[in-house]
Amino acid sequence: MKKQILSSFLIILFLSAFAQEAKYAIYFADKNDNPFSVDNPGEFLSQRAIDRRERLNIEIDETDLPVNPVYIAAVEAEGAVFMNASKWLNTATFEIADDAILSNILALDFVEKAVLVKPAGIRSELKNSDKLDQDEIRPLAASQYFKASSSANNVFDYGYAENQISMLNGIPLHEKGFAGQGMMIAVLDAGFVNADQMPALDSLFAQNRMLGTRDFVLPGNNVFAPGNHSHGSSVLSTMASWSPGLIVGTAPLANYWLIRTEDGPTEYLIEEYNWVAGAEFADSLGADVINSSLGYTTFNDPEMDHTYEDMNGETTPVTLGATAAGQKGILVCNSAGNSGNDNWHYIGAPADAQHIITVGAVDPEGVYAPFSSVGPTADGRIKPNITAQGSQAIVASTSPANDTVYGGYGTSFSSPIAAGMVACLRQAAPDLSVDEFIGLLEESSSYYQNPDDEYGYGIPDFEMALNLSGITKTDMPQDNAFRMVSQNPVQDDIILTTNKLNALVDVQIMDVKGSIVYSGSYRIESGGHIVINGLSGFSSGIYLLRLQCPQATETIKIIK
């Protein structure tokens, strides 16, 4: 195959004159003589990732093999500086200082082509203002707050966030014990400034459910530090917050990985390759769900621009990566985009991908938000798949000193709101294939019989989707009769779920000396949950929670 550089003559002249650290994606022709083997997947996939493939009957194949490290080393030997690699695309990105080095690399037998992904002289920076500001976050007027008076009576007191979960009929899943426990959600975004200090996210860190971070833009960067972007922190808050009475997220008990792939101040093709590298990293960890509130259409360099015709599910690098993630069994939720009022108008990449869930935006009343990008894809598929609240969406303040909420405007917020519920439904139905799962979501949605370009299949009903999956309360994946669905360490409340319906349960809480510090009796009604209040006055320490009914007796260790 003829080697090629996919860039214009003018760009080549520019790079020749200012030969300094241009970035290229080098595509390799094969994975021959690879030191890794599909027979030993534990060398490049976690056991959790292997288990997901086995559970969903997904074969481990050549696409799972890392890029041949011998090829990467040979390119480095020509003077290039390695950045990231993509096994799904069989490519790697490098900094290449001049055209002579590039020519030598193209002469290597195993190199197929080079794609310019970022011109010389453009730095990746930390700057908390940029193109992502189109996703607005602003104070809400008193009349714009939606706080249902029944919120405190639910299994969680969602506060101002109740509307955005009740719209999806997600509360019944939480009541049944599906609040994301054991699920791994990877958040691909532009930065997570102050997420480690936000009051609404303190439980995420206290309970060690924030599993780790990775920066594919500036390796080694602290994604929480000032100077990073706060976009990812706001996105995360819609899923992971636990601040009863103020904001509780849609997957408040899930585990999270925070992955920076987006270079906020600029827009170049390299970010698509960063995205794919980040998704592959999430896959290798065993992520169940990816939320990506990102999209790509046009760039600072017009030579890199996509066209609507490219939104066909099989052209752009990021779309190919998102499709591959779905094929590996990950449920990818991606924002549709905020171009509904722009000349572009349509969804971007990777929202056009196959085997993913593209999420559009509606207002608090469930009416289409005009900024939300529309479908169909260029090849005629319905997009977005579903819609969720993205106008006046409740997000937590990213200030460590400001425990309040704001209104978020953008599909960047409708996507994670839906993604959190996707994680809860995946917890309930772990064996559905990705396409079966998406099909259930669509079938449960309000426009299923008449999908359109704005709503897609509409607003999903997650309880209906759970029912359509065939999962019943007696099928709940539990080893014990009682399961905690609230956080542990506990704050003021303990919330448990059980399938021992219509039973009278005697409850005792004992301290480590065996003294009873609380006792009470609870009748288990149709909701199947117990809420024990009034623990705020307990001293910090370890307690034993004893639950007894005619069918079972159990003791659970709790931490205050």
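Helix 12 (residues 434-443) packs its buried residues against helix 10 (317-327), strand 12 (331-335), strand 13, strand 14, helix 11 (411-428) and helix 13 (462-469), where a contact is taken as heavy atoms within 4.5 Å. The residues on the buried list for helix 12 are V434, F437, I438, L440, L441 and E442; buried stands for under 20% relative accessible area, exposed for over 50% and partly exposed for anything in between, with a 1.4 Å probe and protein chains only. An α-helix has 3.6 residues a turn, so residues three or four places apart point the same way. Helices (H or I, at least four residues) and strands (E, at least two) are DSSP runs, numbered from the N terminus.

All of this comes from a predicted model, in which local features need pLDDT of at least 70 and side-chain atom pairs count only at pLDDT 80 or more, while totals for chains, interfaces and linings use all residues. Residues are numbered from 1 along each chain as its sequence is written, and side-chain values use heavy atoms, with hydrogens and water left out.

Taken as a whole, the protein has 13 helices and 23 strands. Of its 560 residues, 59% are buried. Among contacts with a separation of 6 or more, 75% are between residues 24 or more positions apart. The exposed surface comes to about 20,900 Å², and carbon and sulfur atoms supply 48% of that; these areas come from the Shrake-Rupley method with a 1.4 Å probe, and for residues only the protein chains shown count as cover.

As for cysteines, the structure has zero disulfides, a disulfide being a pair of cysteine sulfur atoms within 2.5 Å. C333 is buried, with a relative accessible area of 0%. C424 likewise counts as buried, at 0% relative accessibility.

Strands of a sheet pair through backbone hydrogen bonds, either parallel or antiparallel. Here, three strands make an open sheet in the order 17-18-21, with antiparallel pairing; two strands pair if DSSP finds at least two bridges between them. Strand 17 (482-484) and strand 21 (529-532) are the edge strands, and each pairs on one side only. From one strand to the next, the twist averages 25°, with axes being lines fitted to C-alpha atoms (for helices, over the stretch in contact) and angles running from 0 to 180 degrees between N-to-C directions. Strand 18 (residues 494-498) and strand 21 run antiparallel and are joined by four bridges, and I494 sits opposite I532 in strand 21.

Positive phi values turn up at two non-glycine residues worth a look. D33, in the loop between strand 1 (22-28) and helix 2 (47-55), has a phi of about 55°. D33 counts as exposed, at 75% relative accessibility. Q392, in the loop between strand 14 and strand 15 (393-396), has a phi near 60°. Q392 is buried, with a relative accessible area of 16%.
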